[in-house]
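Welcome! Please take a moment to look over the sequence and the 3D view before reading on.

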Amino acid sequence: MPDRTTVSIAPPAVYSSLASRRTALLTVLGAGTLAFPAARALATTGPRADAGVWPRPAAVPGGVARLSLGPAAARPAARTEAGLALLVLGDPIEWTALVGIPLAANAGDARILVDSAGGAAPRAFTYSVTPKRYAEQRLKVAPGQVDLSPEDEARFDRERAHNATVITAFTELSPQAVLRMQVPTPGRRSGSFGLRRVFNGQSRNPHSGMDIAAATGTPVVAPLPGRVIDVGDYFFNGGTVWLDHGGALLSMYCHLSRVDVKVGDVLRTGERFCAVGATGRVTGPHLHWSVMLNRAMVDPALFIDA
Ligand SMILES: [Zn+2]
């Protein structure tokens, strides 16, 4: 009698042949010393890359573009035209750059630069940003609620300068990393990423994250492995934690009622580190969750299962 368990977990024939072809190509490219088995490489690149491993591509403002850089023996160094290091994943058969597109980006052609070996001129890879019109919310409030007092203005300026330093974090990430995230807290998720807010006719920054409705005290867990790079209590964001997931991928959690970690702590996926609250400028308890890639706030919904 055949072993049913073995039968059910055996990869389909197409993947078996692809795996052996990939192994052969890796050997040809001189990558035989790479410390991962071919089956692992297969799981994170090529036809299976869309199957819950990488963020879903969306070349729109606030989205993530996915650009194939082709084969190379070593992981290429890619950057934006402004010089920001980009996340490059894959293996010597095919490297892929994942590019966070700022909400303020213009529609049209954009490009990234990839360093060439031997000091030759960098290669440019072009992609097209499709326009996306996010919803607009117009609010009328008492004038005093829009303009900050001089003290609050000064505090906010200090916090903005501190934040600009926090987001420069960059640590290396394995080219085989899984980037599909666990939802950090249960609750109703708003689709308000990118919402353009206008208070008394004055435009404010668009909403740059996802709000998840949950009661104060609800645990928040790390969506991916990460290192704590900032903990603070800020004017607008209240109790806040930033995590560095490597490769210029960061995430931020705001309005927290409690924080159980300190800078430098390392978290596993699913590990509790803080709790939902209503601190900072909010109307009720919820988690504000932002995801940042190469310093662009991108839609967290692209990183979780639909
Ligand atoms: Zn929010």
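## About the model

This is a predicted model, where local features need pLDDT of at least 70 and side-chain atom pairs count only at pLDDT 80 or more, while totals for chains, interfaces and linings use all residues. Residues are numbered from 1 along each chain as its sequence is written, and side-chain values use heavy atoms, leaving out hydrogens and water.

## The zinc site

His207 (NE2), Asp211 (OD) and His288 (ND1) coordinate the zinc ion at 2.1 Å. Donors here are N, O and S atoms within 2.8 Å of the metal (3.2 Å for Na, K and Ca); water is not among the atoms, so sites may look incomplete.

Along the chain, the donors follow the spacing H-x3-D-x76-H. Histidine 207 sits in the loop between strand 10 and strand 11, and histidine 288 in strand 19, 81 residues apart. Strands (E, at least two residues) are DSSP runs, numbered from the N terminus. Histidine 288 is buried, at 8% relative accessible area (buried means under 20%, with a 1.4 Å probe and protein chains only).

## The nonpolar cores

A nonpolar core is a set of buried Ala, Val, Leu, Ile, Met, Phe, Trp, Tyr and Cys residues joined through side-chain atoms within 4.5 Å. The largest has 36 residues, of which Leu179, Phe273 and Trp289 touch the most other members. Strand 19 gives the most to this core, with 4 residues. Apart from it lies another core of 15 residues, including Leu86 and Trp95.

An open sheet of 3 strands has the order 7-9-10, with mixed pairing (strands pair if DSSP finds at least two bridges between them). Strand 7 and strand 10 are at the edges, each with a single partner strand, so one side of each has no neighbour in the sheet.

How values were computed
Buried means under 20% relative accessible area, exposed over 50%, partly exposed in between (1.4 Å probe, protein chains only).
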